[in-house]
Amino acid sequence: MVMNLPTAKGYKKIGKYLIDQKLTFLDFWEEQIIIHENQDNKDLIKQNGFLMYQIITNSIIDGFSDQDIKRLAYKVAQERADANINIGEFVYNVNLGRSIIIKYINLSGFAQAELQQAIDLINKQFDLFCYYAVSRYTEIKDRKLQEKNIFITQTHKDRLAILGQMSSSFVHEFRNPLTSVMGFIKLLKNQHPDMPYLDVISKELDQLKFRITQFLHTSKMNTVFESKNEDITINVLLEEVIDFLYPSIVDGNIQVSSNIDENIKIHGDRNELKQVILNLMMNAVDAVCEEGNQRRISIDTEVEVDQIAIRISNNGSIINPDTLEIIFEPFYTTKKLGTGIGLFVCKNIIEKHNGTINCVSNESLTTFEITLPIKKY
Ligand SMILES: Nc1ncnc2c1ncn2[C@@H]1O[C@H](COP(=O)(O)OP(=O)(O)OP(=O)(O)O)[C@@H](O)[C@H]1O
Ligand SMILES: [Mg+2]
């Protein structure tokens with residue numbers, strides 16, 4: 001069997017034929033390509049089409065170069081990404097060029113074997129051209145998107161930080177006059193024990209002070225400005241909190257029992273730890289007040305080698321296991337007037353004191369347990 005293999009000469013003739021047909025081809029291609037009048041640079045598209053045509057004809061005459069294709073593809077990808085133009089039209093225009101070239105040489109009258117070899121080479125180059133251009137275009141776009149996201153996130157964070165600082169210093173300034181008003185109310189009460197409304201005013205101001213302190217703990221301003229470590233006797237601290245909450249305990253008809261070790265000392269910030277116990281106790285009060293049955297809260301301590309466990313339990317409704325996972329997250333609340341930062345503040349303060357806090361809840365009891373290192377002598 002005699003195979004009709006193309007001669008090098010015959011094959012190169014196709015390249016020469018394409019060079020001769022260049023203007024006719026490019027005119028025909030230009031008439032059909034998709035161009036966005038407002039976005040596309042028509043001259044640039046024509047110039048790129050011209051360059052691609054040149055690469056194709058050169059490859060048939062002088063041999064194929066992957067580098068030439070890649071360089072042109074990367075150039076086009078960059079131009080389209082910079083101009084923010086879709087890559088879809090580009091792919092359409094490139095494939096249009098491919099079909100026109102193949103149609104032309106099919107009609108040229110060259111032998112089938114010579115044609116086939118040229119067509120394979122042309123197809124290969126167009127495939128590579130699209131592959132390189134689309135991959136590079138996607139890469140550039142992804143990178144731009146990432147840079148944009150980083151910028152947006154950073155700007156957002158900066159704004160939040162400024163807002164946080166502003167509100168923290170605002171609240172901080174607010175606290176000094178509040179403390180002095182509270183002092184004067186106390187004086188008034190001493191001098192005029194029968195004056196009406198003073199108790200109500202005191203209670204409201206206490207509540208306001210608690211909220212402000214809570215906010216400062218959340219914003220961490222307190223740790224920077226006021227953190228003051230000292231020796232604290234646990235039973236004294238717990239009794240102070242129970243006294244403070246006495247009106248709510250009586251109001252809610254709550255039975256409070258305690259079993260607290262005497263004279264156990266820890267080292268830490270008194271106000272911060274008081275805030276923790278206050279939060280846990282207030283949550284317990286809220287929880288039992290939701291239920292109709294006998295309301296009970298118990299406070300127990302247990303000394304374990306070099307640490308003390310403080311447990312605050314109540315017989316309110318159960319916290320289900322899914323909820324238990326998120327109650328220490330900021331802003332989680334199920335209360336109408338809650339802010340959801342109480343337990344978040346507790347966790348931060350306890351961890352700052354090298355302790356732990358966790359919660360166990362079942363049908364009969366919900367218990368919050370804190371452990372803290374004991375001060376040794
Ligand atoms: N002892 C408890 N029993 C049942 N649920 C509780 C108890 N303590 C906390 N929770 C649940 O965890 C949520 C978060 O408590 P957290 O103290 O952080 O915020 P809050 O009490 O809702 O608001 P606030 O900021 O005023 O403290 C509560 O809304 C409640 O659903
Ligand atoms: Mg709370």
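Arg-211 places an N or O atom of its side chain 2.8 Å from an oxygen atom of ligand 1. The model is predicted. Around ligand 1 there are 17 residues, and Arg-211 is among the closest, together with Thr-333, Thr-334, Lys-335 and Thr-339. The protein is divided into three parts: domain 1 (2-149), domain 2 (160-219) and domain 3 (229-373).

- The side chain of Lys-335 has an N or O atom 2.7 Å from an oxygen atom of ligand 1.

**Ligand 1: shell composition**

- Eight residues of the shell around ligand 1 are polar, seven are nonpolar and two are charged.
- At least two residues of this shell come from helix 11, and at least two from helix 13.

**Helix 13**

- Helix 13 spans residues 342-352.
- Its buried residues are Gly-342, Leu-343, Phe-344, Val-345, Cys-346, Ile-349 and Ile-350.
- The cover over these buried residues includes two helices, helix 7 (198-219) and helix 11 (270-289).
- Strand 6 (356-361) and strand 7 (366-373) are also included in that cover.
- Asn-354 follows helix 13 and has a positive phi, near 60°.

**Domains**

- Between domain 1 and domain 2, the C-alpha centres are 76 Å apart.

How values were computed:
Residues numbered from 1 in each chain as written. Chains lettered and ligands numbered in written order. Predicted model: local features only at pLDDT ≥ 70, side-chain atom pairs only at ≥ 80, totals over all residues. Heavy atoms only, no water. Buried < 20%, exposed > 50% of the residue type's maximum accessible area, 1.4 Å probe, protein only. Helix = DSSP H or I, 4+ residues; strand = E, 2+ residues; numbered from the N terminus. Contact = heavy atoms within 4.5 Å. Domains from an automatic or database assignment. Near = heavy atom within 4 Å. Polar contact = N/O pair within 3.5 Å; in protein donor to acceptor, adjacent residues only side chain to side chain. Nonpolar A, V, L, I, M, F, W, Y, C, P; charged D, E, K, R; others polar.
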